[in-house]
Each structure stands twice: as structure tokens, then as C-alpha cells.
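Biologist: I would like to learn how to read a model like this one. Please take me through it feature by feature, with the general idea before the case.

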Amino acid sequence: MNSFGTLFRITTFGESHGVGIGVTIDGCPAGLPVTAETIQTALDRRRPGQSDLTTPRREADRVEVLSGLFEGQTTGTPIGLFIRNQDQASHDYSHIEHAYRPSHADYTYDAKYGRRDYRGGGRSSARETAARVAAGAVAAELLAHYGIKASSYVSQVGAVRVPVGYEELDLGLIESNPVRCPHPETAERMAELIRQTRDRHDTVGGIVTGVVRGVPAGLGEPVFDKLHADLGKAMLSINAVKGFEYGSGFDGTLLFGSEHNDAFYTDEIGAVRTRTNHSGGIQGGISNGQDIYFRVAFKPVATILQPQTTINDQGEEITLAGKGRHDPCVLPRAVPIVDAMTNLVLADMLLRSRSSKL
């Protein structure tokens, strides 16, 4: 399906090389201060052509507000946002009209629909995520009204990783470099690895770490719609994502229960806190008021400018090399997408929590 969320619900539409892409947001409360400029700021963080580390495709990604905003505020009616495609270069994809690119969605789309839009992958293209970022900007304004702030940063590229946890970083430095890593020394090493990979006509993956502060206790549902389950679904719906973990994640399996348990205490102002946060701010599928933190693993971009063996839609073996303009590493542009999906999940959970008790 093309919709996400329960009360704060979005539906995206459009293809990579069509007229444009867009999103409809339903369920956003009226009276929330939001402007086209607010949404544009978020889109500018995701757009291609930002630096020599990203695809050179030039898209202004100018948002058009079709409905739902009036005099700088939401009206409570569906919000319609549209972003026109301008620099498609569809001819770059004519060579894959009948070919299945390795690790792409070409074959699976053919298997499901019996046809596919081969121009940039059509609906399977990461260009669709611009619509999510636009919607996430609206969700972020709703969360800000309640003092909730989500931040994401690149914590690993290939084998180069930030040596400390988010607690020891100044997250205000995320935008200080094109990698979007708030650890300057590591950011330089990451950038050099990305450039070396690009020059070899290859790609490299890595990890984005997400942090949410100011979340009150009580967000999330106790069984199937657990907060971490919805966050996991949101992140795994992003192109190129191969894994999600929150809190101690897989490393928590190395600890004993006596080491892993987060002991409760009451702080000086009477608030319930935990002395450690292996739970990642979520217990029983519900937020406990501590920082929420998680990690999202991104694979290397599937399109590489090297010859590879594959087959065509007739089952014949062929040799295929990628063409066109592609990111050697998706991580820097993935940061605002992770932010957006985090904001969408939390905005939805926030609205749902308001109906949980008197």
C-alpha cells in the first residue's frame, strides 16, 4: 500500500521520472503553524546535487502546497503537497528496459505487476522519499509544539565509525559537514572513503543513528503497534535499509539481565527516570520518557558503474553496467529521510495517545 499511519496518515504518489511526486496528509490538527518555507527547508536537506558526495542530478525540489494550509496554519483538512520532477534524463535507463539489474526491484516488480516503469525504477526509486520528507516536516512542527525533537546523523560509513555514543556528541554539528556526521574527525575520514569509492565506480553503505528527545512516557500501543515496531516498519520501508535496532540492540545479547536492566529512580523534581537506558526509551512497546535511540543499516547503493552479470526478461544471461547519476553512498541524504519517518511515527502515536485515557 501507499499509505502510512493511523490518525496522522500520509499517502504518497508519483514516480521518479513522471511529472512529479506528492503526498496527502490526513489527520493533522488545525491551527498548527506551518508554511511552505518550513517544508522547503526539510526538502533542501534531502535534494540531490548537494555536494560532490551525492548524485549530480539537479532537482530544485520546490514544494507546491495544493491544500490544507491557509495564512500560515493548518486548516484541519487534508494537506496536499506536490514536487515536480525537472531533471529526469530518462534516456539514461533505456538500456535496462528488458534487463534485471542486480539487487534492484526490477524483477520483483515484474513478478508482482507483470510490467514496470524502468525509468529510474519508477515507484521503487528513492525519489519517492522526497514526499515523505515533505510530510515529515509537517509532523516535526506538531512534535515541536509538544517539545519533542528528532535528530539523525551518519554514525558509520563502511568500516569507518564514530567512536562514541550520541550522548557524547554535539548534535548541533550534524549539518556542519556534507556527510552529516557530528564527529568532525570521523566525518573527514568518511568523506574520503566515499570519494575513493566513487572514483572506483563502486558504492558503500553504513549506519544512520536516530535520537529523539523530549518524548513523554506513554506513547505506543501494547501489542501489535508497539512504538519500536512502528519505528522499525517506518525505517525498513526506506529504500536500501537492511536492518533496524533500538536501544542496546543486538549488543544487548552479550549482557546478563543484571547488567542490562534499567533501574528506576525518582529525580530531584519528582520525575521517574532510569539510571541506564539499554531499553532505548521504550519498554513494553511504550515510551518511558527517556531518550529514544536507534540505528538504521543501509546497504551499498545497488547501481554501480561496473559490468555485472545478470539476465533479461527473456531469461537470457547478459552483461550490464550502470549508467546515469547515482549516489556513491546514500547515507548523507538518508539522514533527513530517517528524521521524517521518525517524525511521522511519533506524530501518529502522539495523536493516538490522546484517546487512551481521560
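Modeller: Start with burial: a residue is called buried under 20% relative accessible area, exposed over 50%, and partly exposed in between. Keep in mind that this is a predicted model.

Biologist: With those cut-offs, is Val164 buried, partly exposed or exposed?

Modeller: Val164 has a relative accessible area of 28%, so it is partly exposed. Val164 sits in the loop between strand E9 (160-161) and helix H4 (184-199).

Biologist: Which residues does Val164 contact, leaving aside its neighbours within four places in sequence?

Modeller: A contact here means heavy atoms within 4.5 Å. On that basis Val164 touches Leu169 and His183. His183 is 19 residues from Val164 along the chain, and their C-alpha atoms are separated by 8.9 Å.

Biologist: What about Gly165, and where does it lie?

Modeller: Gly165 belongs to the loop between E9 and H4. Its relative accessibility is 29%, so Gly165 counts as partly exposed. Between the C-alpha atoms of Gly165 and Thr209 there are 9.6 Å, with 44 residues separating the two along the chain.

Biologist: How many residues of helix H5 are buried?

Modeller: Helix H5 covers residues 227-236, and seven of its 10 residues are buried, which makes the helix mostly covered. The buried set consists of Leu227, His228, Asp230, Leu231, Gly232, Ala234 and Met235. Across the protein, buried residues make up 48% of the 358 residues.

Biologist: Now the fold as a whole. How many helices and strands are there?

Modeller: The protein contains seven helices and 18 strands. Its radius of gyration is 21 Å, close to the 21 Å that the globule rule gives for 358 residues, so the protein is as compact as a globular protein of that length. The C-alpha trace spans about 65 × 50 × 40 Å along the principal axes.

Biologist: What share of the contacts with a separation of 6 or more joins residues 24 or more positions apart?

Modeller: Such pairs account for 70% of those contacts.

Biologist: Cysteines next. What is a disulfide?

Modeller: A disulfide is a covalent bond between the sulfur atoms of two cysteines. To count one in a model, the two sulfur atoms must be within 2.5 Å. By this rule the protein has zero disulfides.

Biologist: Last, the backbone. Which phi value does Ser103 have?

Modeller: Phi of Ser103 is near 65 degrees, a positive value in a residue other than glycine. Ser103 is part of the loop between strand E7 (79-84) and helix H2 (106-113). With a relative accessible area of 61%, Ser103 is exposed.

Biologist: Where is His201, and what is its relative accessible area?

Modeller: His201 is in the loop between H4 and strand E10 (206-213). Its relative accessible area is 43%, so His201 is partly exposed. His201 is not a glycine, yet has a positive phi of about 60 degrees.

Technical notes:
Residues are numbered from 1 along each chain as its sequence is written. This is a predicted model: local features need pLDDT of at least 70, side-chain atom pairs count only at pLDDT 80 or more; totals for chains, interfaces and linings use all residues. Side-chain values use heavy atoms; hydrogens and water are left out. Helices (H or I, at least four residues) and strands (E, at least two) are DSSP runs, numbered from the N terminus. The radius of gyration is taken over C-alpha atoms; the globule rule is 2.2 Å times the number of residues to the power 0.38. Buried means under 20% relative accessible area, exposed over 50%, partly exposed in between (1.4 Å probe, protein chains only).
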